[in-house]
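Me: I am new to this structure, and I would like to learn how its features are read. Could we go through them slowly?

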Amino acid sequence: MKQNYQKTMYACFIGYIVQAVVNNFVPLLFVTFQKTYGIPLDKITMLITFNFAIQLLIDLLSAGFIDRIGYRASVVLAHICAASGLILLAVLPQLLSDPFVGILIAVVIYAVGGGLIEVLISPIIEACPTDNKEKAMSLLHSFYCWGHVGVVLLSTAFFAAFGIENWKILALIWALLPSANTILFLQAPIYSLHEEGESGLTLKELLPSKMFWIMMLMMTCAGASEQAVSQWASTFAEQGLGVSKTVGDLAGPMAFAFLMGLARLLYGKYGEKIDLDRFMGYSCLLCIAAYLCIALVPVPVIGLVGCAICGFSVGIMWPGTFSKASASIKGGGTVMFAMLALAGDLGCSGGPTLAGFVSGSFGNNLHIGILAAVIFPVLLLVGLFLCGKQQAT
């Protein structure tokens, strides 16, 4: 059995790398799209919006059909969509009269795959017969970070060696990853979250639960705490080091993603020796300190260090909340995981939006925007406290 579920876990780990490819490859090509196809910036922005909107829609709708068609069929469909979208990204722009339409179609298709992966992979790993599910969940989510790092580093190396004009070849190479993982998921055993004859809770059954709403609050704040700084890390890098945009991307978001992955990896390795509630509580405090460092210390290099530390501090928030929800809400099932993914994605959108809105209201002062966003790790800490009180009653 151990060998069987190890194959399932490996497929899940690769699945999160696939999601990292889906979310982080195309943004590396935005300038190329502008220059090659003459696509204006407002249309380029639509690619981000559509990717995010489709994934949110999948979060919302997936609970209604995943249990009907099964986890295996759903996760295979997710990888087929991811692979198809990347392949079409290389093919459609020159086949259609409007290249932007071709790119948008590709983005929509792989966004369906990305949304399904986000909803499916966590419950699949949760159902595996592992000894320490919190460790497995944290290790799983670290692979998104390593995927993010890998996509940027390997793509940058490819462009340096073969030229940015050959990006279509790289898109086809990246498409091999979800294609291969499709085969792995067809062979790997998929375990059920429920005992035989049981079914997961419905949304109607979840809504009256106070613990469910506490977890939704925590998940929203986890996504917001992560992205409110991550989205601005490149700017702080450029300001702090006086380097180019490319180097700024490597020094800012890459450092953030690496340390976030490191936190998840450390808990994934030593989780049985660490109390999850305590680790999440200290992480919230460290995150608040990092936010205050970024916002209030008038030294750009210190702000960059704060961004990196923030990456480490948010590492456990998302997978830790998933694990707490699964342990606290028995029988939550697919609907619960889908709703948590929805809350997390709303936070990922809301965090940067709040920071940007407040920054704009104060003369584009990013420091004020980040200071306002400190409300998210504070609320997450409050959520942990409420969760403890709820469990004690």
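Reply: Let us begin with a helix end, where Asp 275 caps the N-terminal end of α13, a side-chain oxygen of Asp 275 lying 3.3 Å from the backbone nitrogen of Asp 277. Here helices (H or I, at least four residues) are DSSP runs, numbered from the N terminus. The model is a predicted one, in which local features need pLDDT of at least 70 and side-chain atom pairs count only at pLDDT 80 or more, while totals for chains, interfaces and linings use all residues. Residues are numbered from 1 along each chain as its sequence is written, and side-chain values use heavy atoms, with hydrogens and water left out.

Me: What span should helix α13 have, and what is the distance between its end C-alpha atoms?
Reply: The expected span of a helix is 1.5 Å times one less than its number of residues. For the 21 residues of α13, residues 276-296, this gives 30 Å, which agrees with the 30 Å between the end C-alpha atoms.

Me: Which residues of α13 are buried?
Reply: Buried means under 20% relative accessible area, exposed over 50%, and partly exposed in between (1.4 Å probe, protein chains only). In α13 the buried residues include Leu 276, Phe 279, Cys 284, Ile 288 and Tyr 291.

Me: How many aromatic pairs does the structure hold?
Reply: A pair of aromatic rings is described by the distance of the centres and the angle of the planes. Rings of Phe, Tyr and Trp (its six-membered ring) pair if their centres lie within 6.5 Å, and planes under 30 degrees apart count as stacked, over 60 as edge-to-face and the rest as tilted. The structure holds ten such pairs. In one of them, Phe 158 and Phe 162 have ring centres 5.0 Å apart and planes at 45 degrees, so the pair is tilted. Phe 158 is buried, at 11% relative accessible area, whereas Phe 162 is exposed, at 52%. Tyr 267 and Phe 279 form a stacked pair, 5.5 Å centre to centre with 15 degrees between the planes. Tyr 267 lies in helix α12 and Phe 279 in helix α13, so this pair ties together parts that are twelve residues apart in sequence.

Me: At what angle do helices α9 and α14 pack?
Reply: Two packed helices are described by the angle between their axes and the distance between the axes. Axes are lines fitted to C-alpha atoms, for helices over the stretch in contact, and angles run from 0 to 180 degrees between N-to-C directions. Helices α9 and α14 pack at about 160 degrees, with their axes 10 Å apart.

Methods: Helices (H or I, at least four residues) and strands (E, at least two) are DSSP runs, numbered from the N terminus. A polar contact is a pair of N or O atoms within 3.5 Å; within protein, one must be able to donate a hydrogen and the other to accept it, and residues adjacent in sequence count only if both atoms are side-chain atoms.
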